[in-house]
Amino acid sequence: MDEGTSRRTVLGAATIGLAATAVPAAGQAAGTNTAMLRDPQSKYRRAPFPEQRQPWPALASKMTPRPDHGETSYKGSGRLTGRKALITGGDSGIGRAAAIAFAREGADVAINYLPQEEPDAREVIALIRQAGRKAVAIPGDIRTLAFCERLVASAARQLGGLDLLVNNAAYQQSKADISEISDEQFDQTFKTNVYATFRISKAAVPLMPPGSAIINTISVNSYDPGEELIDYAATKGALLILTKGLAKQLIKKGIRVNAVAPGPIWTPLQVAGGQLPGKMGEFGQDTPMGRAGQPAELAPLYVLLASEEASYSTGTVVGANGGRGNP
Ligand code: NAD
Ligand code: MG
C-alpha cells in the first residue's frame, strides 16, 4: 500500500526538507527527507500471485489479493477541477484507478462497464461521490455502434458536457496457438478494443471544447506482441497508430490525444483468460523491477495527460512497465 507518497506529500516534504537543511538528520542527503521515499521494487507485492480463474469479465472484488486502485492512497490537488470525464472500463483495474484519481482531482466522472460488473462499479460510484464529485454509471456493451453513441450522449447529458475521454475497456484472451483463436474471439477483441475506441471518440469529438483530452489505454503489446496474444496485440498496435493519427487531426480543434502503455498490471482482465492457465505465478516477475504493477501506479499518468498542464503533449505515449518494453 502507498501510504504518504502522494505528489503533494512528497512536495510538502521536500519543502520541509529544504527548510531544515541547516541541520540534516543522520542518513539524510541535504534537502531530501528519505523517510518519505519508497523503493519502487518493494512498494508493492513481489511474491508470485496465486493461480486463479474467474469467468469473463472478472471482478476485482473477487481477486486474491485485491488490486490497489488507490482507494486509500490517491490524494488530489485540484488538477482537474470542473472537468467532465467519461471512462470506459471504469469499474475495475486501470480504469477504476483513473476514475478515483480524476474525482479526487476535482472532475465529475461517468463510468461504463458491463452489466455483470455492477458490484465493482458500485464501489467506484461510491468513491467518486465520497470525493464530492458527480458520479454517473452507464452500464452496457460497447461492441455495438448504437450503444457507443448512446453512451457518449448519455454521459454528456448527465455530466452537463464532456471534455475528457478515456478509452480503456478491452478484451484479452491468451491462446498459445493461432489455431485456438476462434473467429468469435478475434471479432470480440477488435470490436471491443478498436471499433469501440473509434466509435466512442467519433461520437465524443463534436461535444468536446478546445482544451479537451482523449487518452487511450494501449500496451507494451502495441510495440512488441506477446506470442500468445497476437489478436490482442494487433488491436493495441492499431490503437497506437489511431492515437497518433487522431492527434494530428484533432489538434486543429484544440483536442489533445495521447495514450498510456502499461506493462503487466494486476487487474481482473488477467484472471479471466488474459494469461495462459498455470502462468499466474510468472505474471510481472520478468520485469527489471521484479514485480507486476498495480493500477494505482498508473493513475498519475492519466491525470497528467488529462491536465492542461501537459498542453504541449499530443500524439504521444507514456509507459508504465517496470523497466521492460516500450515506449
Ligand atoms: P479490467 O478488467 O479491470 O478492465 C477492462 C474493462 O473492460 C472491464 O472492467 C470491462 O468493464 C471493460 N469491457 C470489456 N469488454 C467490454 C464490453 N464489451 N463492453 C463494455 N465494457 C467492456 O482490466 P485492466 O487491465 O485494467 O484493463 C484496462 C486497460 O488496460 C485495457 O485496455 C487493457 O488492454 C489495458 N492493459 C492492461 C494491462 C494489464 O496488464 N492489466 C497491460 C497493458 C494494457
Ligand atoms: Mg471490470
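Residues are numbered from 1 along each chain as its sequence is written, while chains are lettered from A and ligands numbered from 1 in the order in which they are written. Because the model is predicted, local features need pLDDT of at least 70 and side-chain atom pairs count only at pLDDT 80 or more, whereas totals for chains, interfaces and linings use all residues; side-chain values use heavy atoms, with hydrogens and water left out.

**The whole chain**

Start with a cartoon of the chain, which has eight helices and seven strands, these being DSSP runs numbered from the N terminus (helices: H or I, at least four residues; strands: E, at least two). Colouring by accessibility will show that, of the 327 residues, 53% count as buried, where buried means under 20% relative accessible area, exposed over 50% and partly exposed in between (1.4 Å probe, protein chains only). Among the contacts in the chain with a separation of 6 or more, 78% are between residues 24 or more positions apart, a contact being heavy atoms within 4.5 Å.

**The magnesium ion**

Select ligand 2, a magnesium ion coordinated by D91 (OD), S92 (OG) and E117 (OE) at 2.1 to 2.2 Å. Donors here are N, O and S atoms within 2.8 Å of the metal (3.2 Å for Na, K and Ca), and water is not among the atoms, so sites may look incomplete. Along the chain the donors follow the spacing D-S-x24-E, and both D91 and S92 are buried.

**Helix α3 and D120**

The buried residues of α3 are D120, A121, V124, I125, L127 and I128. Viewed down the axis of α3, these buried residues fall within an arc of 165°, so they line one face of the helix, the arc being that of the directions from the helix axis to the C-beta atoms. They pack against α2 (93–104), β2 (108–113) and β3 (135–139), whereas R129 and Q130, on the other side of α3, are exposed. Just after the helix, G132 takes a positive phi of about 85°.

The side chain of D120 reaches the backbone nitrogen of A60 at 2.6 Å, and the C-alpha atoms of D120 and S61, 59 residues apart along the chain, are separated by 6.6 Å.

**The loop between α1 and β1**

Now select the loop between α1 (7–19) and β1 (84–88), where P57 is found; the peptide bond from W56 to P57 is cis, with omega near -10°. P65 is found in this loop too, and a cis peptide bond, with omega about -10°, joins T64 and P65.

H69 also has its place in the loop between α1 and β1, and is buried, with a relative accessible area of 1%. A polar contact of 2.8 Å joins the side chains of H69 and E71, a polar contact being a pair of N or O atoms within 3.5 Å (within protein, one must be able to donate a hydrogen and the other to accept it, and residues adjacent in sequence count only if both atoms are side-chain atoms). The backbone nitrogen of G93 lies 3.0 Å from a polar atom of the H69 side chain. Leaving aside neighbours within four places in sequence, H69 is in contact with A60, S92, G93, R96, A97, I100, P295 and A296.

**The nonpolar cores**

Finally, show the nonpolar cores, which are sets of buried Ala, Val, Leu, Ile, Met, Phe, Trp, Tyr and Cys residues joined through side-chain atoms within 4.5 Å. Of the 34 residues in the largest core, F102, V109, I111, L164, I215 and Y302 touch the most other members. At least two residues each come from β1, α2, β2, α3, β4 (164–167), β5 (213–217) and α8 (299–306), and α2 gives the most, with seven residues. A second, separate core of 26 residues includes C148, A156, V205 and L250.
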